Amino acid sequence: MGSINTRLVLAMAVIVGTLIFNNLQVSAQCGGSIPQLIAQCSQFVKIEGPKVPPSPGCCTAVKGADIPCVCGLVTREVEKIISMEKVVFVARKCGLTVKPGLKCGSYTVPPKRLT
């Protein structure tokens with residue numbers, strides 16, 4: 001079963017990579033760590049399933065990416081696969097400040113809850 005999950009995550013990473021970053025010049029403007037971000041974090045931001053705290057590897061990748069820039073590249077197709085709410089959750093769990101009001105695709109980042 002682990003093999004199926006691994007293939008699903010890999011397939012998702014390929015799909016997201018193709019949808020967002022098919023132009024290397026565009027991905028370069030958001031930092032060079034985009035492939036690492038996809039590989040390390042896709043399992044934490046997929047639409048299915050609960051919010052799960054990200055792994056240390058995912059946090060390392062998140063801290064190396066320009067999140068507002070990446071958010072500017074999100075399309076409707078990406079939003080069918082990736083939860084923007086989970087993207088913000090992961091970024092904040094990794095210690096990044098994600099400002100309320102930031103547009104990530106069609107999603108607008110809400111204020112951080114004090115819970």
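Student: Which residues are buried in helix α4 (residues 56–63)?

Tutor: In this predicted model, where local features need pLDDT of at least 70, side-chain atom pairs count only at pLDDT 80 or more, and totals for chains, interfaces and linings use all residues, C58, C59, A61 and V62 of α4 are buried, a word that means under 20% relative accessible area, as against over 50% for exposed and in between for partly exposed (1.4 Å probe, protein chains only). Residues are numbered from 1 along each chain as its sequence is written, and side-chain values use heavy atoms, with hydrogens and water left out.

Student: Why are the buried residues said to line one face of α4?

Tutor: Viewed down the helix axis, the buried residues fall within an arc of 160 degrees, so they line one face of the helix; the arc is that of the directions from the axis to the C-beta atoms. On the other side of α4, P56, T60 and K63 are exposed.

Student: What makes a set of residues a nonpolar core, and which members of the largest one touch the most other members?

Tutor: Such a core is a set of buried Ala, Val, Leu, Ile, Met, Phe, Trp, Tyr and Cys residues joined through side-chain atoms within 4.5 Å. The largest has 25 residues, of which L37, C58, V62, I82, M84 and V90 touch the most other members. Two or more residues come from each of α3 (34–45), α4, α5 (67–71) and α7 (84–93), and α7 gives the most, with 6 residues.

Student: Which residues does L37 touch, not counting those up to four places away in sequence?

Tutor: L37 touches S42, A61, V62 and A65, where contact means heavy atoms within 4.5 Å.

Conventions:
Helix = DSSP H or I, 4+ residues; strand = E, 2+ residues; numbered from the N terminus.
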